[in-house]
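Work through the exercises below with the structure in view. Try each task before you read its solution.

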Amino acid sequence: MKNYHLKLKKELNNEVFHLQVYEFNSINAERIQQLVPDTCCVFIIFDITNRGTFTNLLNTWLIWLRDTIKYQGAVFILGNIIDNTKFRCTDKDEILELIQVSEVQAQYFEVGDQSNNEKNAQIDKLIMEAEDEKKKRADGSKDKNCLIF
């Protein structure tokens with residue numbers, strides 16, 4: 001039984017990256033916990049129009065990365081507008097404040113009002129930034145996996 005929703009292979013600048021999209025739940029929590037420390041980056045996507053997904057950023061994801069995993073890689077939080085007919089439940093300042101309070105070194109980007117090509121280009125750029133950050137670390141890891149949840 002697979003424990004991910006989608007697995008993608010991406011080639012950027014002659015390097016191959018493996019992206020695995022997960023829905024984090026009790027069934028695959030242990031597997032994700034094993035994978036995260038060895039990844040070059042983690043993307044956490046939430047719906048800007050759904051307050052529950054925003055609340056989960058701190059109450060679940062950021063605290064989990066900080067306290068349980070003690071993750072040291074690149075973290076990208078992507079605010080996505082899934083339904084353009086709904087209103088935002090939060091603004092950029094509140095999101096940045098939440099990241100600061102969490103003490104997780106994360107970067108925030110909004111991707112909801114872009115075309116699919118623009119979103120893909122943004123994700124490619126973020127993957128390359130994460131790889132550059134990983135190269136600066138002294139751990140010598142060769143892993144180019146990126147987890148998205």
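**Exercise 1. A threonine in a loop**

Find the side-chain partner that T90 meets in a polar contact, then describe where T90 sits.

*Solution.* 
Step 1. The side chains of T90 and E94 are joined by a polar contact of 2.5 Å. A polar contact is a pair of N or O atoms within 3.5 Å; within protein, one must be able to donate a hydrogen and the other to accept it, and residues adjacent in sequence count only if both atoms are side-chain atoms.

Before going on, note the ground rules. This is a predicted model, where local features need pLDDT of at least 70, side-chain atom pairs count only at pLDDT 80 or more, and totals for chains, interfaces and linings use all residues. Residues are numbered from 1 along each chain as its sequence is written, and side-chain values use heavy atoms, with hydrogens and water left out.

Step 2. T90 lies in the loop between β4 (74–80) and α3 (92–102). Helices (H or I, at least four residues) and strands (E, at least two) are DSSP runs, numbered from the N terminus.

Step 3. Is T90 buried or exposed? T90 counts as buried because its relative accessibility is 6%. The cut-offs: buried is under 20% relative accessible area, exposed over 50%, partly exposed in between (1.4 Å probe, protein chains only).

Step 4. Set aside neighbours within four places in sequence. T90 is then in contact with F46, I48, R51, F54 and I95. Contact means heavy atoms within 4.5 Å.

**Exercise 2. Another pair**

Explain what the salt bridge of R88 and E110 ties together.

*Solution.* 
Step 1. The side chains of R88 and E110 meet at 2.8 Å, N to O.

Step 2. R88 is in the loop between β4 and α3, and E110 is in strand β5 (residues 106–110), so the pair ties together parts 22 residues apart in sequence.

Conventions:
A salt bridge is a side-chain nitrogen of Lys or Arg within 4 Å of a carboxyl oxygen of Asp or Glu.
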